[in-house]
Amino acid sequence: MNTSPETLVEYGRAIDGHQMVEPPDVAVLELEPNHPGEHDADYVARRRLLFDLTRRHRLERLGPPLIEYTAEETRVWREVAPKLHELHDKFACALYLRAKDELAITETEIPQLKTVSDRLARETQMRLVPAEGALPYRTFYQYIADRGFPVTQFIRHGSHPEFTPEPDMIHDCLGHVPPLMNRDYAELLTLIGKAAAATPHGDQVLALKRFSWFSIEFGLIEEAGEVKVFGAGILSSTGEIPHSLFSTSATRRPFVTDTVIATDYDPSQMQKDFFVAPSLPFLRRELEALVRRFGIPVL
Ligand SMILES: [Fe+2]
(Lines give C-alpha, C1' and ligand atoms only; values in the text may rest on other atoms or scores of the structure.)
Protein backbone atom coordinates (compact mmCIF):
# COMPACT_ATOMS: atom_id res chain seq x y z
CA MET A 1 0.00 0.00 0.00
CA ASN A 2 1.13 3.53 -0.74
CA THR A 3 2.25 5.00 2.57
CA SER A 4 2.87 8.61 1.54
CA PRO A 5 1.76 11.09 4.21
CA GLU A 6 -1.34 12.01 2.20
CA THR A 7 -2.61 8.43 2.04
CA LEU A 8 -4.61 7.38 5.07
CA VAL A 9 -6.69 4.31 5.80
CA GLU A 10 -10.29 4.67 6.87
CA TYR A 11 -13.06 2.05 6.99
CA GLY A 12 -10.49 -0.46 5.70
CA ARG A 13 -9.71 1.52 2.52
CA ALA A 14 -6.98 3.94 1.47
CA ILE A 15 -8.30 7.51 1.37
CA ASP A 16 -6.87 10.79 0.18
CA GLY A 17 -5.77 12.70 3.30
CA HIS A 18 -6.63 15.96 1.56
CA GLN A 19 -10.33 14.99 1.67
CA MET A 20 -10.21 15.00 5.46
CA VAL A 21 -9.22 18.68 5.32
CA GLU A 22 -11.36 19.82 2.39
CA PRO A 23 -14.35 17.48 2.35
CA PRO A 24 -16.79 17.35 -0.58
CA ASP A 25 -20.19 19.07 -0.26
CA VAL A 26 -23.22 16.94 -1.20
CA ALA A 27 -26.02 19.20 -2.45
CA VAL A 28 -28.71 16.62 -3.29
CA LEU A 29 -30.25 13.82 -1.26
CA GLU A 30 -28.48 10.50 -1.72
CA LEU A 31 -29.89 7.46 0.06
CA GLU A 32 -27.48 4.64 0.82
CA PRO A 33 -27.74 1.53 -1.38
CA ASN A 34 -30.42 -0.82 0.06
CA HIS A 35 -31.86 1.95 2.24
CA PRO A 36 -35.12 0.63 3.79
CA GLY A 37 -37.03 3.59 2.29
CA GLU A 38 -35.54 3.63 -1.21
CA HIS A 39 -38.62 2.13 -2.92
CA ASP A 40 -41.16 4.17 -0.95
CA ALA A 41 -41.91 7.19 -3.17
CA ASP A 42 -43.66 9.13 -0.38
CA TYR A 43 -40.75 8.60 1.98
CA VAL A 44 -38.19 9.68 -0.63
CA ALA A 45 -40.26 12.80 -1.46
CA ARG A 46 -40.50 13.68 2.24
CA ARG A 47 -36.75 13.19 2.68
CA ARG A 48 -36.06 15.43 -0.34
CA LEU A 49 -38.29 18.16 1.05
CA LEU A 50 -36.63 18.04 4.48
CA PHE A 51 -33.17 17.83 2.87
CA ASP A 52 -33.71 21.02 0.89
CA LEU A 53 -35.37 22.87 3.76
CA THR A 54 -32.78 22.02 6.41
CA ARG A 55 -29.85 22.54 4.03
CA ARG A 56 -31.12 26.02 3.22
CA HIS A 57 -31.59 26.81 6.92
CA ARG A 58 -28.06 25.57 7.63
CA LEU A 59 -26.37 27.50 4.83
CA GLU A 60 -28.35 30.68 5.47
CA ARG A 61 -27.82 30.36 9.24
CA LEU A 62 -31.55 30.52 9.95
CA GLY A 63 -31.62 28.04 12.85
CA PRO A 64 -33.86 24.93 12.90
CA PRO A 65 -37.14 25.28 10.97
CA LEU A 66 -40.35 24.25 12.73
CA ILE A 67 -41.50 20.95 11.23
CA GLU A 68 -45.02 19.61 11.21
CA TYR A 69 -44.39 15.90 11.69
CA THR A 70 -46.66 13.36 9.99
CA ALA A 71 -48.66 10.71 11.85
CA GLU A 72 -46.28 8.06 10.49
CA GLU A 73 -43.18 9.92 11.71
CA THR A 74 -44.74 10.32 15.15
CA ARG A 75 -45.66 6.61 15.17
CA VAL A 76 -42.02 5.66 14.57
CA TRP A 77 -40.85 7.99 17.35
CA ARG A 78 -43.44 6.53 19.75
CA GLU A 79 -42.34 3.02 18.93
CA VAL A 80 -38.60 3.57 19.46
CA ALA A 81 -38.36 6.23 22.19
CA PRO A 82 -39.94 4.17 25.04
CA LYS A 83 -37.76 1.14 24.24
CA LEU A 84 -34.66 3.30 24.38
CA HIS A 85 -35.85 4.98 27.55
CA GLU A 86 -36.12 1.66 29.33
CA LEU A 87 -32.59 0.71 28.29
CA HIS A 88 -31.24 4.15 29.25
CA ASP A 89 -32.61 3.83 32.76
CA LYS A 90 -30.58 0.67 33.24
CA PHE A 91 -27.44 1.27 31.24
CA ALA A 92 -26.82 4.96 30.40
CA CYS A 93 -24.27 7.07 32.28
CA ALA A 94 -25.55 9.52 34.91
CA LEU A 95 -24.56 12.58 32.87
CA TYR A 96 -26.87 11.48 30.07
CA LEU A 97 -29.79 10.53 32.32
CA ARG A 98 -29.71 13.82 34.19
CA ALA A 99 -29.51 15.85 30.98
CA LYS A 100 -32.31 13.94 29.24
CA ASP A 101 -34.52 14.55 32.24
CA GLU A 102 -33.71 18.27 32.33
CA LEU A 103 -34.38 18.69 28.62
CA ALA A 104 -37.79 17.02 29.00
CA ILE A 105 -37.64 15.17 25.69
CA THR A 106 -40.78 13.04 25.72
CA GLU A 107 -41.58 9.59 24.37
CA THR A 108 -44.76 10.85 22.73
CA GLU A 109 -43.85 13.93 20.67
CA ILE A 110 -40.94 14.52 18.32
CA PRO A 111 -39.17 17.56 19.77
CA GLN A 112 -38.91 20.82 17.86
CA LEU A 113 -35.22 21.56 17.55
CA LYS A 114 -35.80 25.29 17.82
CA THR A 115 -37.20 24.92 21.36
CA VAL A 116 -34.42 22.55 22.40
CA SER A 117 -31.78 24.83 20.87
CA ASP A 118 -33.05 27.86 22.82
CA ARG A 119 -32.88 25.85 26.04
CA LEU A 120 -29.33 24.65 25.34
CA ALA A 121 -28.22 28.18 24.52
CA ARG A 122 -29.37 29.31 27.97
CA GLU A 123 -27.61 26.42 29.76
CA THR A 124 -24.32 25.89 27.95
CA GLN A 125 -24.23 28.40 25.08
CA MET A 126 -24.54 25.50 22.62
CA ARG A 127 -27.15 25.69 19.86
CA LEU A 128 -28.54 23.27 17.31
CA VAL A 129 -27.81 23.71 13.61
CA PRO A 130 -30.24 22.05 11.20
CA ALA A 131 -28.45 19.49 9.01
CA GLU A 132 -29.73 17.81 5.86
CA GLY A 133 -27.91 14.59 6.72
CA ALA A 134 -24.55 13.37 7.95
CA LEU A 135 -22.04 16.14 7.27
CA PRO A 136 -18.38 15.35 6.54
CA TYR A 137 -16.40 15.15 9.77
CA ARG A 138 -14.46 18.38 9.32
CA THR A 139 -17.58 20.37 8.31
CA PHE A 140 -19.47 18.87 11.28
CA TYR A 141 -16.75 19.85 13.73
CA GLN A 142 -16.31 23.31 12.22
CA TYR A 143 -19.86 24.03 13.39
CA ILE A 144 -19.12 22.54 16.80
CA ALA A 145 -16.00 24.71 17.14
CA ASP A 146 -18.43 27.63 16.91
CA ARG A 147 -20.77 25.99 19.53
CA GLY A 148 -23.34 24.83 16.96
CA PHE A 149 -24.28 21.14 16.93
CA PRO A 150 -25.57 19.90 13.53
CA VAL A 151 -28.75 17.84 13.96
CA THR A 152 -30.96 16.11 11.39
CA GLN A 153 -34.73 16.67 11.27
CA PHE A 154 -35.88 13.56 9.43
CA ILE A 155 -36.91 10.18 10.79
CA ARG A 156 -35.86 6.69 9.69
CA HIS A 157 -38.18 4.58 7.51
CA GLY A 158 -41.12 3.04 9.37
CA SER A 159 -40.50 -0.49 8.06
CA HIS A 160 -37.45 -0.82 10.34
CA PRO A 161 -38.04 1.47 13.33
CA GLU A 162 -35.04 0.05 15.18
CA PHE A 163 -32.57 0.51 12.35
CA THR A 164 -31.21 3.45 10.40
CA PRO A 165 -28.25 3.39 8.01
CA GLU A 166 -27.64 7.12 8.62
CA PRO A 167 -27.92 9.47 11.60
CA ASP A 168 -31.56 10.59 11.95
CA MET A 169 -33.53 12.53 14.55
CA ILE A 170 -33.76 9.57 16.89
CA HIS A 171 -29.98 9.17 16.81
CA ASP A 172 -29.42 12.88 17.24
CA CYS A 173 -32.14 13.83 19.75
CA LEU A 174 -31.94 10.72 21.91
CA GLY A 175 -28.16 10.27 21.55
CA HIS A 176 -26.28 13.50 20.98
CA VAL A 177 -28.49 16.30 22.18
CA PRO A 178 -29.09 15.60 25.91
CA PRO A 179 -25.41 15.65 26.99
CA LEU A 180 -25.04 19.11 25.41
CA MET A 181 -26.77 20.31 28.60
CA ASN A 182 -23.57 19.46 30.52
CA ARG A 183 -20.91 22.18 30.55
CA ASP A 184 -17.90 19.84 30.75
CA TYR A 185 -19.26 17.73 27.91
CA ALA A 186 -19.87 20.85 25.80
CA GLU A 187 -16.30 22.02 26.45
CA LEU A 188 -14.85 18.63 25.48
CA LEU A 189 -16.84 18.66 22.28
CA THR A 190 -15.97 22.23 21.31
CA LEU A 191 -12.27 21.57 21.92
CA ILE A 192 -12.40 18.61 19.52
CA GLY A 193 -14.17 20.92 17.08
CA LYS A 194 -11.61 23.71 17.37
CA ALA A 195 -8.72 21.27 16.90
CA ALA A 196 -10.35 19.48 13.94
CA ALA A 197 -11.23 22.79 12.30
CA ALA A 198 -7.77 24.32 12.81
CA THR A 199 -5.33 21.60 11.79
CA PRO A 200 -4.13 21.60 8.16
CA HIS A 201 -3.14 17.90 8.43
CA GLY A 202 -5.46 15.13 7.21
CA ASP A 203 -3.89 12.52 9.49
CA GLN A 204 -4.61 14.70 12.53
CA VAL A 205 -8.24 15.19 11.44
CA LEU A 206 -8.53 11.40 11.12
CA ALA A 207 -6.99 10.90 14.60
CA LEU A 208 -9.47 13.38 16.12
CA LYS A 209 -12.29 11.67 14.25
CA ARG A 210 -11.34 8.35 15.82
CA PHE A 211 -10.98 10.00 19.24
CA SER A 212 -14.57 11.24 18.92
CA TRP A 213 -15.86 7.99 17.44
CA PHE A 214 -14.60 5.93 20.38
CA SER A 215 -15.81 8.46 22.98
CA ILE A 216 -18.63 10.79 21.84
CA GLU A 217 -20.14 8.25 19.39
CA PHE A 218 -19.34 4.78 20.71
CA GLY A 219 -17.65 5.30 24.07
CA LEU A 220 -18.26 3.52 27.35
CA ILE A 221 -17.46 5.14 30.70
CA GLU A 222 -16.76 3.92 34.23
CA GLU A 223 -19.07 5.03 36.97
CA ALA A 224 -18.87 3.85 40.59
CA GLY A 225 -17.14 0.64 39.54
CA GLU A 226 -19.59 -0.08 36.73
CA VAL A 227 -19.30 0.33 32.97
CA LYS A 228 -22.02 2.60 31.57
CA VAL A 229 -22.97 3.75 28.08
CA PHE A 230 -21.64 7.20 27.09
CA GLY A 231 -21.64 7.37 23.27
CA ALA A 232 -24.58 8.67 21.22
CA GLY A 233 -24.35 5.89 18.64
CA ILE A 234 -24.90 3.33 21.38
CA LEU A 235 -27.50 5.35 23.31
CA SER A 236 -29.70 5.69 20.23
CA SER A 237 -29.73 2.00 19.30
CA THR A 238 -31.71 -0.72 21.09
CA GLY A 239 -29.27 -3.24 19.60
CA GLU A 240 -25.99 -1.48 20.39
CA ILE A 241 -26.75 -0.86 24.10
CA PRO A 242 -26.74 -4.54 25.15
CA HIS A 243 -24.18 -5.40 22.45
CA SER A 244 -21.66 -2.81 23.69
CA LEU A 245 -21.89 -3.95 27.30
CA PHE A 246 -22.39 -7.69 27.09
CA SER A 247 -21.66 -9.17 23.64
CA THR A 248 -18.87 -11.72 23.56
CA SER A 249 -18.16 -10.75 19.94
CA ALA A 250 -17.03 -7.26 21.03
CA THR A 251 -13.95 -6.17 22.97
CA ARG A 252 -13.98 -3.64 25.82
CA ARG A 253 -10.56 -2.15 26.49
CA PRO A 254 -9.35 0.78 28.59
CA PHE A 255 -9.33 4.07 26.64
CA VAL A 256 -5.67 4.52 25.66
CA THR A 257 -5.44 7.46 23.28
CA ASP A 258 -2.60 6.08 21.13
CA THR A 259 -4.51 2.83 20.63
CA VAL A 260 -7.78 4.66 19.96
CA ILE A 261 -6.37 6.95 17.26
CA ALA A 262 -4.74 3.96 15.52
CA THR A 263 -7.97 1.90 15.50
CA ASP A 264 -10.03 1.82 12.31
CA TYR A 265 -13.76 1.04 12.46
CA ASP A 266 -16.70 0.20 10.22
CA PRO A 267 -19.66 2.55 10.78
CA SER A 268 -22.04 0.30 8.78
CA GLN A 269 -21.87 -2.66 11.21
CA MET A 270 -22.46 -3.37 14.88
CA GLN A 271 -19.22 -2.21 16.52
CA LYS A 272 -16.63 -4.75 17.61
CA ASP A 273 -14.22 -2.48 19.49
CA PHE A 274 -15.24 -0.45 22.51
CA PHE A 275 -13.05 1.64 24.78
CA VAL A 276 -13.89 2.43 28.40
CA ALA A 277 -12.92 5.90 29.64
CA PRO A 278 -12.45 6.25 33.41
CA SER A 279 -14.21 9.65 33.47
CA LEU A 280 -15.10 12.77 31.50
CA PRO A 281 -12.16 14.78 33.00
CA PHE A 282 -9.87 11.94 31.85
CA LEU A 283 -11.10 12.39 28.26
CA ARG A 284 -10.54 16.12 28.54
CA ARG A 285 -6.94 15.63 29.76
CA GLU A 286 -6.22 13.09 27.03
CA LEU A 287 -7.64 15.38 24.37
CA GLU A 288 -5.62 18.36 25.59
CA ALA A 289 -2.43 16.24 25.57
CA LEU A 290 -3.20 15.07 22.03
CA VAL A 291 -3.91 18.58 20.76
CA ARG A 292 -0.67 19.81 22.34
CA ARG A 293 1.31 16.91 20.88
CA PHE A 294 -0.13 17.69 17.42
CA GLY A 295 0.89 21.35 17.86
CA ILE A 296 -2.62 22.65 17.09
CA PRO A 297 -2.79 26.17 18.61
CA VAL A 298 -6.29 26.09 20.11
CA LEU A 299 -5.63 25.71 23.86
FE1 LIG B 1 -23.56 10.56 15.76
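Modeller: A crossing of two helices is called left-handed if the near helix is turned anticlockwise from the far one by less than a right angle, and right-handed if it is turned clockwise. The model discussed here is predicted.

Biologist: Is the crossing of helix 8 and helix 9 left-handed or right-handed?

Modeller: Helix 8 packs against helix 9, which spans residues 202–217, with the two axes 10 Å apart and at an angle of about 160°. An angle over 145 degrees counts as roughly antiparallel, and helix 8 is therefore roughly antiparallel to helix 9. The crossing of these two helices is left-handed.

Biologist: How many charged residues does the contact of helix 8 with helix 9 have?

Modeller: Helix 8 contributes Leu189, Ile192, Ala195 and Ala196, while helix 9 contributes Val205, Leu208, Phe211, Ser212 and Ile216. Sorted by class, this contact has eight nonpolar residues and one polar residue, and the number of charged residues is none.

Biologist: Which residues of helix 8 meet helix 6?

Modeller: The crossing of helix 6 and helix 8 is left-handed. From helix 6, the residues taking part are Tyr137, Arg138, Tyr141, Gln142, Ile144 and Ala145. Their counterparts in helix 8 are Leu189, Thr190, Ile192, Gly193, Lys194, Ala196 and Ala197.

Biologist: What is the bridge partner of Ile221 in strand 8?

Modeller: Strand 8 has bridges to strand 5 and to strand 7. In strand 8, Phe274 stands opposite Arg252. The partner of Ile221 in strand 8 is Ala277.

Biologist: How many residues of strand 4 are buried?

Modeller: Strand 4 runs parallel to strand 3 (residues 127–131), to which five bridges join it. In a regular strand the side chains alternate between the two faces of the sheet. Gly148, Pro150 and Thr152 point one way from strand 4, and Phe149 and Val151 the other way. Strand 4 is largely enclosed by the rest of the structure, because the number of buried residues among its five is five.

Biologist: Does Leu87 count as buried, partly exposed or exposed?

Modeller: Leu87 lies in helix 3, which spans residues 71–91. Beyond its neighbours within four places in sequence, Leu87 is in contact with Thr238 and Ile241. A residue is buried at 20 or more C-beta neighbours within 10 Å and exposed at 12 or fewer. Leu87 has 18 such neighbours and therefore counts as partly exposed.

Key
Residues are numbered from 1 along each chain as its sequence is written. This is a predicted model: local features need pLDDT of at least 70, side-chain atom pairs count only at pLDDT 80 or more; totals for chains, interfaces and linings use all residues. Helices (H or I, at least four residues) and strands (E, at least two) are DSSP runs, numbered from the N terminus. Two residues are in contact if their C-beta atoms, placed from the backbone, lie within 7 Å. Axes are lines fitted to C-alpha atoms, for helices over the stretch in contact, and angles run from 0 to 180 degrees between N-to-C directions. Angles under 35 degrees count as roughly parallel, over 145 as roughly antiparallel, 65 to 115 as roughly perpendicular and the rest as oblique. Ala, Val, Leu, Ile, Met, Phe, Trp, Tyr, Cys and Pro count as nonpolar, Asp, Glu, Lys and Arg as charged, and the others, Gly among them, as polar. Two strands pair if DSSP finds at least two bridges between them.
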